[in-house]
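Visitor: I've got a model open on my screen and a few things I'd like to ask. Can you walk me through it?

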Amino acid sequence: MNALVIIILYLLVLLLLGWGSSRLFRGTSKDFFVASHSIGPFLLLMSVFGTTMTAFALVGSTGKSFERGIGTYGLMASISGLIHMAIFFLIGIRLWALGKRNGYLTQIQFFRERFESPRIGYLLFPILVLLVVPYLLIGIIGAGKVIEPVTAGAFPGLFSNPTIPAWSGGVPPWLTGLVICMVVLTYVFIGGSRGAAIANAFQTVVFMGMGIVAFYFVVQSLGGLEKAGSVPMRINEKGEMVQDYHFDKTSGQLMAYQSPKKIGVVTDFSNSNLTDKHPHLSRDTVTVEFKKKNPKTGEMIPFEREIGMPFITFVTYLFIPLSVGMFPHLFQHWLTARNARAFKLTVIAHPICIMIVWVPCVLIGSWASGLLPPSIPPPAVLSAMLSLVVGDPLLTGLLTAGVLAAIMSSLDSQFLCLGTVFTNDIVVYRAGKNSISDGQKLKIARLFIVLIVGATYLLAMALKNANVFDLAIWCFSGFAALFPLVFSALYWKRTTKYGAIASIITALITWSYFFHQSGYGGEYFVGPGIVPAAICFVASATSLIVVSLFSVPPAKSTIDRFFPSQS
């Protein structure tokens, strides 16, 4: 049984699960949007964790650690576990309580009433869509990059890949993206948020389990942890990039070179740490020159890979995990909770789940830097490693299904969220609550979901070569810039609608500027290595505070409603 058959069977099981969950659907718009506030602790944990772990976590982290090294774990995973936990406790529980008390289905409804401003919803809606779409794109792009190398040769002569001929005959990204979108659309369409929660739980268990299995077999194929850790490139005392081991395809064993093999030359000696006895342990940026073949001209051209990162980059990355506080799809998952106690398991277990997923992926990407050519696309590193060192088609298929599970567990929540926001915050709000029946709300939401799925698919095909990790960072940076909005709404009574609007506009302007400077989605730093998210956050928070202090405070009735224990 080859890998493609396993993947197809997995998608069929997912469709069957979606059909089963639709049998529990109560037929109301409230059940479709927030599962009638009936989700318990385990499903809440799985759905919240699953929706935050997309292609960014598996495909993106492996590709970025292939480029940057093991420090990728510190960039996002370790600090994310702590920050996410704090946000679920400080933001999630409080928003759930307000949402259940006031009947909110979306975060825009909360902001409109908290800031006494109907117009703030029209300002936020396009911004939220703008930021969610890149999140959707990384899932579809990541799925295509994973499936093509794994299924290489399954259709000889049918699908060719001129860029990487070895992948010819595999399922092309356009077909993978189409199938993934249709499967996700189907079970979201018929099951709503309850169907998405059940599917997320199943998929989260699958990708966590398969991640551990993948890690085990990769480690065994590389000769155990000791030898696996010796595979990546290192910088020796002479400033040369060398390899001590290589993977022999014929014997399937990790083989040692008689003497370290020189594979690159350090071209930037600006940092004095390179003269230390262990320069490869430095966090500072080192530029290494490689050569790769230009697929169009055939000539060898320079290819640069950066190892490590400046300390200021590491520190300012800490702002990015704040983004979960403003994820509209996460807000919707919070509202599905049965009660406040349902959050307890999520707060405790979420950091542990992050560690279980990220540690194997980051290590595999680091080890891959010593096995795979530097010119390989970062999103394809995970699947290329599985094909190279695991080899067994059945196992490769199961592991690839695990990767798809992570990708699809986020797509469903995001598609559903956009349908919910459009229906309730645009259509129903404009027409009036009593002007549209419950059945019409369902039809409108489903129609918009279909439209957004189609638009996202087409955009993903146009940007199919984008770096999944970098694109995700830009998505998270935008939401992180909006975090002062939700935090002040919950904890600072003096926040005014003008301060909120100023904060949103400032976040949009600064984020758009830096996004443009990056070439629309590339890796970009300010000055000595400052992550743009930090600047956007500070600018947004500053404008919110200043404008709020110079504008009229909210009405006492509003303060009493949203701060009942503090009035």
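Visitor: Is I141 buried or exposed?
Guide: Bear in mind that this is a predicted model. I141 is found in helix α7, which covers residues 119–150. The relative accessible area of I141 is 5%, and the cut-off for buried is under 20%. So I141 is buried.

Visitor: How many Å apart in space are I141 and A462, C-alpha to C-alpha?
Guide: Along the sequence, 321 residues separate I141 and A462. In space, C-alpha to C-alpha, the pair is apart by 9.9 Å.

Visitor: What about S413, buried or exposed?
Guide: S413 sits in helix α14, residues 393–431. Its relative accessibility comes out at 4%, and anything under 20% goes down as buried. Therefore S413 counts as buried.

Visitor: Which residues is S413 in contact with, leaving aside neighbours within four places in sequence?
Guide: One partner to set aside is D412, whose side chain joins that of S413 in a polar contact of 3.3 Å. Leaving out neighbours within four places in sequence, S413 is in contact with T51, N200, H329 and H333.

Visitor: Are α5 and α12 roughly parallel or roughly antiparallel to each other?
Guide: α5 spans residues 72–102 and α12 spans residues 343–368, and their axes are 9 Å apart. They pack at an angle of about 165°, and angles over 145 degrees count as roughly antiparallel. So α5 and α12 are roughly antiparallel.

Visitor: How many charged residues are in the contact of α5 with α12?
Guide: The residues of that contact include 16 nonpolar and seven polar ones. As for charged residues, there are none: the count is no charged.

Notes
Residues numbered from 1 in each chain as written. Predicted model: local features only at pLDDT ≥ 70, side-chain atom pairs only at ≥ 80, totals over all residues. Heavy atoms only, no water. Axes fitted to C-alpha atoms, helices over the stretch in contact; angles between N-to-C directions. Helix = DSSP H or I, 4+ residues; strand = E, 2+ residues; numbered from the N terminus. Parallel < 35°, antiparallel > 145°, perpendicular 65-115°, else oblique. Nonpolar A, V, L, I, M, F, W, Y, C, P; charged D, E, K, R; others polar. Buried < 20%, exposed > 50% of the residue type's maximum accessible area, 1.4 Å probe, protein only. Polar contact = N/O pair within 3.5 Å; in protein donor to acceptor, adjacent residues only side chain to side chain. Contact = heavy atoms within 4.5 Å.
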